[in-house]
Amino acid sequence: MMLFGKKPEWKFTEEKLIESTEYLGNPGCGWYHIHAFSLEEEPDMEELYWCLCKEETLALVMLDIGAYREEPLPESVLGRMRGILDFFGKQGKELIVRAVYDKEGRGMEREPASIQTVEAHMQQIGAVLSGFTEQIVVVQGLLVGNWGEMHGSKFLSKEKLQRLFLTYRSALGNIRMAVRTPVQWRMIHTEGTKPEQIQTGLFDDGMFGSSSNLGTYGTRPKESAGWEKEWRREDELDFAGYLGERIPYGGEAVGTDICGELPQALAELKRTHVSYLNSVYDEQILGRWKQTKWQETGVWNGRSGYDYIGARLGYRFVIRDIYCRCGGKYRKMPCIEVRIENAGFAPLYEEAELTAVWETDGEEKEDRLPTDMRLVLPDRQITITILLPENTGKEERRLYLILRRKRDGRILRFANQTQGDRVYLGLLGNR
């Protein structure tokens, strides 16, 4: 029997949530395929459509302008670029973009004779890419070198790197960039560059290929090497991790070196905050990951190392616990507390809106939660508080949680069982 004037108290029955092993397909991270285009030719979009990997949200688009290395890019080529980028956008793909003069490992032969020509091409390409700012995750390289990877080129001195970087940076506006090696990054940035000023990160297409990642790292400690020289592997991994907290980092895993075995690879991918990897190259190492089974207890036991790594590329938010704070000291302000962990290798780089949804008899009410999910770094947790509505004693309410990217409302899925785009947290009713 309810006493007159006394409001009923809430009772919350929380859902028992566990981590899902499903591939989430969240934007901005994950596996990718490479799609290379020789821009003197018209691409076959119908064939390209059937070549797309539907599960992957990323694609690396390589734009080969080698046929125009000694002349301005014709308007027809710039229009072809726009058409290619627009096609991927319509297929829901976000892009890693690399413009190159060479895709055969013959960079010195294929690149222009003068740096002024490279700069002119950068300005033309930047004008095109800046029209697709929200679709592009990162632009790799400075056009030059074998496969556009900034090695095997005559334009790699400090002076020329700085010149090319500043030209491309200006042409691309706010689009994130990435250069091939840490020492190249340091050559174009002064020591003491503030974290909030960093718009450029790294990409590495030699991950695990050797103890130096195929020449990516040196052998000397950073203290003795200095700012503009290669550092030993341990120091460069820490440096890559520092940049990886701010700019998406990724590339290709290659070779058979011991550092690519699953335990070592996992530790390094986490340490450097890897967001994206080529899903088909190099099969030497990817095949080993596919054949190696995850041995620890939990939902991942027995799954392949390839699946385990793929699930953790980029950010991965898992709801670990739900608590009802409805009595005792919480009586005046009852609430639900939800503990969320970032189980991915990298942080979320874009603003997102976390929303609690109360559902009653088909009607919904959304409460925006003041939480910045970008601050939840890998292996870190955050506890969010959802205040309970006033209890009239007449209805039950189902509670859901939704995470949306702020700029376009795109759903960022939690790694738990979901009901559509949302996670069911529990049922709120009367005691």
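Contact here means heavy atoms within 4.5 Å. On that basis, among contacts in the protein between residues at least 6 apart in sequence, 76% join residues at least 24 apart.

This is a predicted model, where local features need pLDDT of at least 70, side-chain atom pairs count only at pLDDT 80 or more, and totals for chains, interfaces and linings use all residues. Residues are numbered from 1 along each chain as its sequence is written, and side-chain values use heavy atoms, with hydrogens and water left out.

The overall picture comes next. The protein has 11 helices and 16 strands; these are DSSP runs numbered from the N terminus, helices being H or I with at least four residues and strands E with at least two. Of its 431 residues, 54% are buried, that is, under 20% relative accessible area with a 1.4 Å probe, protein chains only. Along the principal axes, the C-alpha atoms fill a box of roughly 90 × 45 × 45 Å.

Now to helix 5. Residues 158-172 form this helix of 15 residues, and from first C-alpha to last it reaches 21 Å, close to the 21 Å expected at 1.5 Å a residue. That expected span is 1.5 Å times one less than the number of residues.

Which residues of helix 5 are buried? They are Leu161, Leu164, Phe165, Thr167, Tyr168, Arg169, Ala171 and Leu172. An α-helix has 3.6 residues a turn, so residues three or four places apart point the same way. The cover over the buried residues of helix 5 includes strand 4 (94-100), helix 4 (115-129) and strand 7 (200-207). After helix 5 comes Gly173, with a positive phi near 65°.

Notes. Buried < 20%, exposed > 50% of the residue type's maximum accessible area, 1.4 Å probe, protein only.
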